[in-house]
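Here is a short briefing on the structure below.

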Amino acid sequence: MFGPGAGSERYERVNADLAPLLGTPGVDVEAPFAQAGRTGFFLLAEEPLREDPAAVSARFAGLPESGAVATVYGTRRTALRRTATGTHERFAQLVRGARVVGADVDLHEDDRGVYGVTGRPLGDLQARDPGARPALDPREVLRACAEHFDLTGLRATPPEPVVFPVGDGGAWAYEVRFRVPEDAADVRVHLRADDLSLLLATNLALAATGRARVYPVNPLQTPELVPVELVGLEEPGRLLRGPSLDVAPASGARIVRADRDFTADPADPEFDEPQVFHHATRALDYFRGLTEPPLLAAAPFTPMRIFVRDPGSPDNAYYSPDSGEVHFGLFGDRSSARCASVVTHELGHAVTDAICRLGRAFGRNSESRGLSEGFSDYFAASQLDDPRLGPYIADDPHGARNASDAGLRFPRGFQGEEHDTGAVWAAVLWGLHGRTGAAVADRLVIESLDFLGPTSTFEEARTALHTVDQRLFGSQHGDAIDAEFDARAPAA
Amino acid sequence: MRIEVHQRGGILGLDRHVVVADGTIEVIDKGRSRGARTLDPEEAERLDALAAGAADAGAGGADPGPVSDGMSAEIAIESHAGVHRLSVCTGDGSPAEVWALIGELGRASGA
C-alpha cells in the first residue's frame, strides 16, 4: 500500500497523439542559427543575434509579419533565469491569448545577443487555431475532472483555457492542476473543451513519500491510529523535511528513517514528528486551495520550521512571525502536535501574517489580534468541518473553544482577551459558513484579509467581508454577514 | 515552600492561577477554582526542587517580538529565604528551569 509513488499511476493517462507536443512541426531553421545536434531541437549561433528576445521568439511560429495576425498569435515570456551561462528566457506560444500546450521557445542570451534556441516551438501556429474561445462554467470542468478520477472534494486550480495540438490542427482544452495528498499526487490534466473528455493526465509529483501511523484528527476524537503517506519529503526522504515543512523536536535528535517508514509508538516522543508533519501537510493543502500560489511558495513556508515537544512552551503552542517558526508544547502529558485543529490554528496565524500582518498589533488584546485568533479558529473549523478548537489539549470533548456556541457575544466596545473576542469572530464566520457553505465562506474570509492589517477592527473586518461579497458575488451574502455579526454584537 | 503562578494567554487564552502550598495544589481558571488536591510527597518534592531551580535561574528578559499565542507567567516562589518573583513570556529567552516548573505544574494540576 505504501510503496514509493503508490497510487500515482492512477493519474497517468494519455488519450492523445503527443507527437505535435514532442516535436517542432513546421519550424524553419534560419541563419544565424543552426542545429547543433544530430537529433532534437538545439539551435546555436556562432554570432549571436542582437535583437529583442520577444521578437526572436515570435519568429519560430511561421507567421507572416502582419499586425492583424500578431493580435491573434504571439508569445509571452513565462520565465527568466540568470546563470553563469547567461540569461535564459522562456516564451509560451499563444493563440487567441491562450497558451499552446507544450509549445515553448527557450532563448539563451549573453551580452552580445541571443546565442541559442531550444524548446519545442510550433512552426505552424496559425494552423493550430481552433477558433473562438470556449466559455464553459469552471465548475462544470472541475466536476468532469473529478469524475474522470473518481474523486470527491477536488481542490484544484481554476481551469485555464489552452490550445491542445491535435494532428495538424488544434483543439480548445482546459488545463487543471490538483493535488491528492493521500496518493502523493500532483496532477496536471487536459480536458477537451467540446466534450470534456480526457486528453492527457500527468502526475508531476517528484518528492519522496514516507509512511507513518497517525491519529487522523486527535487522540480524543479519533483514537485509532491509521496508516498514512507522508507526502512532500525531500529526496531521499530520510528526514521529515521538504520544500514546505521541516519538522524536528525542540531538543534532541530528529527522527531519521532510511526506509521512509516513520511509524512510531504513541508512547515514544518521536511519534509527534510524523504526526505533526501529517497535520501540517493537510493544513497547507487546505490553505493552498484558498490562496494564490505565490503565498505558500514564499517565506515562512520555504520550508516552515516546526518544533514539537518544546519544553519552552508548556501548556501552549505558538507561531513566531519574526522567525517563521511554529512551536508545539505539551499540555500536561498531551502533545499539542497531535491535535489537528491546533496545528491548523497555528498555520493560520502564519497565513494571516503573510497576507496582512494581522497579529503584529501594537499591544495585546487589540481587536486585530482578536481577529487573528478568530480567523485561525475559523480556518481550523472549516478545514476539519468541526467547530471545536483543541478538544484534545483541553481534555474536553466540547473543545477549548467552540465556534458553534450559541452564547458567544462580543464584549462591550469589542474589548476583551484576544482569544475570547477571537472566539466570537470565529463564531460569526462559522455561522456564515453554515449559511453559505464552505466554498463561499472560505472565499469571503480569505479574500477579506487583503483589506485588513495590524490595526484593523471587527467592524472593519465585517466591511471587508461585504466588500469581497460585493465584488465576487454581487452582494448575495450581505444579509447573512450582517445577521451573523449583529447576533453577536456587543450589547448597547 | 509556596509556589504561585499566574499564566495568561497562550493558544487557550489562559487566565490561570496555580497555587502550591502546604502540600496541596489548587487551580483557579478565570477566577473560578477547579478545586484543590493533595500532592503526592514525590510530586511535592519534585515541585520544590524545580521551584528552587527556577528561582536560581531567573527570567530571560529578551524582547520576544510579536508572537501569536504567546503566553506570559508571573511566578512567586516563597521560601525561608524570602519571596522570589519572576516574570516570563514566550520567546523571552527564559531558562529551561523556569519553563520546566510551569510544565510540571500543568502536569500536577491535571490542567
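Of the 111 residues of chain B, 40% count as buried. The model is predicted.

**Chain B fold**

- Chain B has two helices and six strands.
- Along the sequence, these elements of chain B run β-β-β-β-α-β-β-α.
- Among contacts in chain B with a separation of 6 or more, 59% link residues 24 or more positions apart.

**Where the chains touch**

- On the chain B side, 24 residues make contact with 29 residues of chain A.
- Helix α2 (residues 96-109) of chain B contributes the most to that side, with seven residues.
- The chain B side that touches chain A is made up of eleven nonpolar, eleven polar and two charged residues.

- Strand β9 (residues 169-180) of chain A is mostly covered, with ten of its twelve residues buried.
- β9(A) pairs with β8(A) in the antiparallel sense, over seven bridges.
- In that pairing, A:F164 stands opposite A:A171 of β9(A).
- β8(A) and β9(A) form a hairpin, and two residues lie between them.
- A:G167, in the turn of this hairpin, has a positive phi of about 55°.
- β9(A) also pairs with strand β10 (residues 185-192) of chain A, again antiparallel, over eight bridges.
- Here A:R177 stands opposite A:R188 of β10(A).
- As background, strands of a sheet pair through backbone hydrogen bonds, either parallel or antiparallel.

**The four-stranded sheet of chain A**

- Four strands of chain A form an open sheet in the order β14-β15-β17-β16, with mixed pairing.
- β14 (245-249) and β16 (317-320) of chain A stand at the edges; each has a single partner strand, so one side of each has no neighbour in the sheet.
- From one strand to the next, the twist averages 15°.
- β16(A) and strand β17 (residues 325-328) of chain A run antiparallel and are joined by four bridges.
- A:Y319 stands opposite A:V326 in β17(A).

**Helices on that sheet**

- Helix α5 (residues 272-290) of chain A lies across β14, β15 and β17 of chain A.
- The direction of α5 of chain A is at about 155° to β14(A).
- Helix α7 (residues 340-356) of chain A packs on the sheet and touches β15, β16 and β17 of chain A.
- The direction of α7 of chain A makes about 15° with that of β16(A).

**A:S320 in focus**

- Which strand holds A:S320? A:S320 is found in strand β16 of chain A.
- Is A:S320 buried or exposed? A:S320 counts as buried because it has 23 C-beta neighbours inside 10 Å, and the cut-off for buried is 20 or more.
- Leaving out residues up to four places away in sequence, A:S320 touches A:E325, B:V67 and B:G91. This list includes residues of chain B.
- A:S320 and A:E346 are 26 residues apart in sequence, and their C-alpha atoms are 9.5 Å apart in space.

**Backbone exceptions in chain A**

- Most residues other than glycine have a negative phi, and most peptide bonds are trans.
- A cis peptide bond joins A:A31 and A:P32, with omega about 10°.
- A:P32 sits in the loop between α1 (19-22) and β2 (33-35) of chain A.
- Another cis peptide bond joins A:A299 and A:P300, with omega about 5°.
- A:P300 is in the loop between α6 (293-296) and β15 (304-308) of chain A.
- A:R96 is not a glycine, yet its phi is positive, near 55°.
- A:R96 lies in the loop between β5 (86-95) and β6 (98-110) of chain A.
- A:R96 counts as partly exposed because it has 16 C-beta neighbours inside 10 Å, a count between the cut-offs of 12 and 20.
- A:D150, also not a glycine, has a positive phi of about 55°.
- The loop between α4 (138-148) and β8 (160-166) of chain A holds A:D150.
- A:D150 is exposed: it has 7 other C-beta atoms within 10 Å, and the cut-off for exposed is 12 or fewer.

Technical notes:
Residues are numbered from 1 along each chain as its sequence is written. Chains are lettered from A and ligands numbered from 1 in the order in which they are written. This is a predicted model: local features need pLDDT of at least 70, side-chain atom pairs count only at pLDDT 80 or more; totals for chains, interfaces and linings use all residues. Two residues are in contact if their C-beta atoms, placed from the backbone, lie within 7 Å. Ala, Val, Leu, Ile, Met, Phe, Trp, Tyr, Cys and Pro count as nonpolar, Asp, Glu, Lys and Arg as charged, and the others, Gly among them, as polar. Two strands pair if DSSP finds at least two bridges between them. Axes are lines fitted to C-alpha atoms, for helices over the stretch in contact, and angles run from 0 to 180 degrees between N-to-C directions.
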